[in-house]
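Biologist: I am new to this structure and would like to go through it slowly. Could we start by looking at it together?

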Amino acid sequence: MTAVQSCKGCGKLFSFLPRGLCADCIDVREERFQTVREWLRDNRGASVIAACQATGVEERLVAEFIREGRLEFSGPTESARDQQAREALRAKLAGEMTAAQANGTTPTSAPRRGMNVRR
Ligand SMILES: [Zn+2]
């Protein structure tokens, strides 16, 4: 079978994608994995949400690393405190947006959830 596959990361078409990702996307993914792993080394027992907030890596991707057994989180995936942290972050981002609009400048941290990728 020679069906063309699209990369799960960037959507480009390839004839052979054993991992579902092209080489470029695998590189990016590995880079993010290293980022989270390094952070986790200094923050043992941290939650997934805390790791995502600190590193900027998507929860979805971190969840994949966990499924693959490459990362381990000892805490619950999301505690009440994480939810509060998430709300605080959201409020902070919203605040920066408002402040940036008032100043007429571009916000440095744009919200990362423009697209809904959750299933
Ligand atoms: Zn790709």
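Biologist: Which residues of helix 1 meet Ala-51, Ala-54 and Thr-55 in helix 2?

Modeller: This is a predicted model, in which local features need pLDDT of at least 70, side-chain atom pairs count only at pLDDT 80 or more, and totals for chains, interfaces and linings use all residues. Residues are numbered from 1 along each chain as its sequence is written. Helices are DSSP runs of H or I with at least four residues, strands are runs of E with at least two, and both are numbered from the N terminus, while two residues are in contact if their C-beta atoms, placed from the backbone, lie within 7 Å. On that basis, the residues of helix 1 that meet Ala-51, Ala-54 and Thr-55 in helix 2 are Thr-35, Val-36, Trp-39 and Leu-40.

Biologist: How do the residues of this contact of helix 1 with helix 2 divide into nonpolar, polar and charged?

Modeller: Ala, Val, Leu, Ile, Met, Phe, Trp, Tyr, Cys and Pro count as nonpolar, Asp, Glu, Lys and Arg as charged, and the others, Gly among them, as polar. The contact of helix 1 with helix 2 therefore divides into 5 nonpolar, 2 polar and no charged.

Biologist: Are helix 1 and helix 2 roughly parallel or roughly perpendicular to each other?

Modeller: The axes, lines fitted to C-alpha atoms over the stretch in contact, with angles from 0 to 180 degrees between N-to-C directions, come within 10 Å for helix 1 (residues 23-42) and helix 2, and cross at roughly 115°. Angles under 35 degrees count as roughly parallel, over 145 as roughly antiparallel, 65 to 115 as roughly perpendicular and the rest as oblique. Helix 1 and helix 2 are therefore roughly perpendicular.

Biologist: What pattern does the protein follow, read along the sequence?

Modeller: The protein has 4 helices and 2 strands. Read along the sequence, their pattern is β-β-α-α-α-α.
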